[in-house]
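Here is a short report on a protein fold.

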Amino acid sequence: RFLETDSAADEYVESVTTDHVRSLMADHLVDVKSSDLHTVQGWFQGRLTYSPPGADLGSQGFTLLGGRLDLMDDMQVAALVYRSGDHTINVFVCPKSDEPLPERLQADQDGYHVVHWRGGELDYWVISDLDAADLQRFSSLFQAQT
């Protein structure tokens, strides 16, 4: 792990990891199954108080599988689900936390890599067992489109 002093960030990394693992274990990876970003974004309308941005990264090797509602810190959040090879990538998009989180961070937790950034009024948490460099590439591509 890269984070040892920021307890709020550590708690979020642990929460994101737990949510990711739970989504892989249950038969509930997506609530709406579609590779069409507009379909997935439309599905979230009326289910959340915000509209989660996404990215169409299929041509870069990251296929959108769909989206689902998830819980983070007792709040419903959007989870966009992508696939790269045999690896599942969860992108949790939620309103910016009041916690003093860094603008960007990378961490490792229980064999998973986590990338976080803040953009506008939203926090983004990306997690996968994908190679750390590939997950960083995914995160950079996603951020560039949102």
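The sections below go from the model itself to the sheet, then to the side chains.

## Basis

This is a predicted model: local features need pLDDT of at least 70, side-chain atom pairs count only at pLDDT 80 or more, and totals for chains, interfaces and linings use all residues. Residues are numbered from 1 along each chain as its sequence is written, and side-chain values use heavy atoms, with hydrogens and water left out.

An open sheet holds 7 strands in the order 1-2-3-4-7-6-5, with antiparallel pairing. Strand 1 (32-33) and strand 5 stand at the edges with a single partner strand each, so one side of each lacks a neighbour in the sheet. Strands (E, at least two residues) and helices (H or I, at least four) are DSSP runs, numbered from the N terminus. Two strands pair if DSSP finds at least two bridges between them.

Strand 4 (residues 87-95) and strand 7 (residues 122-128) are joined by 6 bridges. Here Val93 has Tyr124 in strand 7 as its bridge partner. Strand 6 and strand 7 pair over 7 bridges. They form a hairpin with 2 residues between them, and Gly120 in the turn has a positive phi of about 60°. Strand 6 is mostly covered, with 6 of its 8 residues buried. Buried means under 20% relative accessible area, exposed over 50%, and partly exposed in between (1.4 Å probe, protein chains only).

Strand 5 and strand 6 also form a hairpin with 2 residues between them. Their pairing is antiparallel, over 6 bridges. Asp110 lies in the loop between strand 5 (104-109) and strand 6 (112-119). Its phi is near 55°, a positive value in a residue other than glycine. Asp110 is exposed, at 63% relative accessibility.

## Aromatic residues and core

The whole structure contains 9 aromatic pairs. In one of them, Trp117 and Tyr124 are stacked, at 5.0 Å centre to centre and 10° between the planes. Rings of Phe, Tyr and Trp (its six-membered ring) pair if their centres lie within 6.5 Å; planes under 30 degrees apart count as stacked, over 60 as edge-to-face and the rest as tilted. Trp117 is buried at 1% relative accessible area, and Tyr124 is buried at 4%.

The largest nonpolar core has 44 residues; Tyr82, Ile89, Val91, Trp125, Phe138 and Phe142 touch the most other members. Such a core is a set of buried Ala, Val, Leu, Ile, Met, Phe, Trp, Tyr and Cys residues joined through side-chain atoms within 4.5 Å. Beyond four places away in sequence, Phe142 touches residues including Leu80, Tyr82, Val91, Trp117 and Tyr124 (contact means heavy atoms within 4.5 Å).

## Salt bridges

A search of the whole structure finds 4 salt bridges. The criterion is a side-chain nitrogen of Lys or Arg within 4 Å of a carboxyl oxygen of Asp or Glu. Arg118 stands opposite Asp123 in strand 7, and their side chains meet in a salt bridge (2.6 Å, N to O). Both ends are covered: Arg118 is buried at 13%, and Asp123 is buried at 0%. Elsewhere, salt bridges that share partners join Asp19, Arg22, Arg68 and Asp70 into one network.
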